[in-house]
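Please look at this model with me. My notes follow as numbered points.

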Amino acid sequence: MALPESRTLSLIFKYVDDHVLNYIELLKEAVAIKSVSCSPHLRDDCITMVKWLHCKLKALGVEAEECDVGTQTLPDGRPLRLPPVILGSLGNDPSKPTVCIYGHIDVQPAAQEDGWHTEPFNLTEIDGKLYGRGASDDKGPVLCWLNAIQAYQKQELPIPVNLKFVFEAMEESGSEGLEDLLKQRKESFFQNVDYVCISDNYWLGKDKPCLTYGLRGLCYFFIEVTCACKDLHSGVYGGTINEAMSDMVYLLSRLVDKDGTILIPNINNDVLPVTDDERRQYQEIDFSVLDYKTELGSPSLLHKEDKTKLLMSRWRFPSLSVHGMEGCFSDPGTKTVIPRKVIGKFSIRIVPNQDPIAVEKAVVDYLNKEWAKRGSSNKFKVSMVHGAKAWVTDPRNSNYEAAIRATKRVYNTEPDMTREGGSIPITLTFQEVTDKSVILIPIGACDDGAHSQNEKLDRRNYIQGTKLLAAYLYEIGKMGK
Ligand SMILES: C[C@H](N)C(=O)N[C@@H](Cc1c[nH]cn1)C(=O)O
Ligand SMILES: [Zn+2]
Ligand SMILES: [Zn+2]
């Protein structure tokens with residue numbers, strides 16, 4: 001017999017509150033696995049991470065498959081096995097709706113010498129903050145799902161929906177192999193999916209929960225310049241050749257100006273004009289420019305005190321960032337070398353209506369022209385290593401209504417409706433293969449420091465996030481088929 005509404009969720013919430021230490025232990029185990037997808041030497045750890053999660057899912061009764069998605073080709077031409085993707089199912093009751101959940105268990109690189117105050121792969125709690133690489137992006141949120149399901153089971157309450165799981169360990173490296181797998185399984189695994197939910201982004205502030213209906217896409221580029229067959233002594237050879245590094249600095253300086261304007265012609269051609277309605281929506285968002293500036297520790301912001309301009313720059317206009325360089329000297333000290341070959345790395349966050357192929361063409365044409373202007377005798381190559389479209393949806397549907405109700409139950413407040421400046425390349429594919437509503441329910445706060453030093457997840461967000469996802473499943477269950 002079904003329990004009264006308030007009783008079901010209060011039993012779940014009590015179970016969650018009573019098991020906080022177990023959840024933290026579980027997250028500690030997950031963080032300890034160095035599943036850095038962009039580091040080829042850590043590929044085995046990514047595979048270990050998949051197997052670890054598979055084991056935890058099995059313990060919850062999930063029927064899960066590790067799907068082989070082939071190999072990737074490294075920039076030097078070597079093949080490298082991709083970590084398998086987990087596809088899992090729990091429940092098959094035709095009277096219940098089916099929710100498909102996606103998350104990722106790979107992480108960005110991290111090293112204590114980069115400025116971490118704790119060891120990044122050893123989850124450490126300080127003042128209610130759980131520090132560790134992947135705590136917020138995205139191991140913590142993935143574990144919130146597992147914790148929520150376990151709470152239903154331990155309280156012997158029926159899970160109100162059927163569940164499908166898609167968990168990958170390559171999201172931070174362009175989700176290689178995943179799109180093809182999802183397309184192949186469109187008519188089988190995804191056939192009965194009614195809703196899609198992803199927890200892999202962050203609140204806009206530290207206190208107020210959000211629901212997210214848009215993401216920027218990402219086009220990632222490598223520029224390669226080679227000037228010699230080996231590194232050279234700058235005293236012996238300096239002044240006799242065009243140097244790769246100087247060429248690279250010139251090219252990188254031609255990408256974006258000091259106001260953040262991208263210098264590549266035609267790059268903004270397909271960006272949609274801002275509507276009055278959109279402008280109104282941005283004005284209503286609860287966001288403190290001052291808090292944002294303080295959190296970043298930046299001397300000034302590009303758009304000064306203008307909240308709408310700042311948020312639009314993060315969410316609905318493209319931006320270009322220069323990330324780093326392979327092959328050059330970056331240690332402390334004064335090595336006097338001329339690097340033989342350098343690879344400069346930059347990316348452009350793209351927005352709805354922009355096509356990665358058109359962006360690639362604009363970038364390659366422009367850099368070829370800039371290279372010709374430079375007149376260097378060196379070898380030059382530019383390539384887009386991955387390109388993913390942006391995603392935006394209309395949030396006025398039952399998926400978002402259920403999540404709004406769940407948020408109110410847990411946080412006692414109406415969530416803000418946000419877009420996200422980051423990218424989750426596979427989101428659009430989920431929408432295409434299911435033809436159903438996709439929602440993003442962020443778990444972590446704006447200051448979690450995803451991709452940065454001292455990434456953390458607040459204990460409160462982890463625990464309330466577990467309740468939030470349990471309540472979301474409950475609210476979706478109430479929608480019926
Ligand atoms: C928003 C999400 N948690 C995330 O961090 N996504 C990455 C995706 C990525 C990285 N390289 C390629 N894709 C991001 O937005 O950088
Ligand atoms: Zn993520
Ligand atoms: Zn990330």
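1. Start at Glu 171. Beyond its neighbours within four places in sequence, Glu 171 is in contact with His 104, Asp 106 and Ile 424. Contact means that two C-beta atoms, placed from the backbone, lie within 7 Å. Glu 171 sits in the loop between β8 (162-168) and α5 (178-184). Helices (H or I, at least four residues) and strands (E, at least two) are DSSP runs, numbered from the N terminus.

2. This is a predicted model: local features need pLDDT of at least 70, side-chain atom pairs count only at pLDDT 80 or more, and totals for chains, interfaces and linings use all residues. Residues are numbered from 1 along each chain as its sequence is written, while chains are lettered from A and ligands numbered from 1 in the order in which they are written.

3. Is Glu 171 buried or exposed? Glu 171 is buried, because 24 other C-beta atoms lie within 10 Å. Asp 106 is buried too, with 27 C-beta neighbours inside 10 Å. The cut-offs: buried is 20 or more other C-beta atoms within 10 Å, exposed is 12 or fewer, partly exposed is in between.

4. An unreviewed UniProt entry annotates Asp 106 and Glu 171 as "active site". They are spread over 66 residues of sequence, yet cluster in space, with a largest C-alpha distance of 6.7 Å. Such annotations may be inferred rather than shown by experiment.

5. Asp 106 lies in the loop between β5 (98-104) and β6 (124-126). Leaving aside neighbours within four places in sequence, its contacts include Ser 35, Cys 46 and Glu 171.
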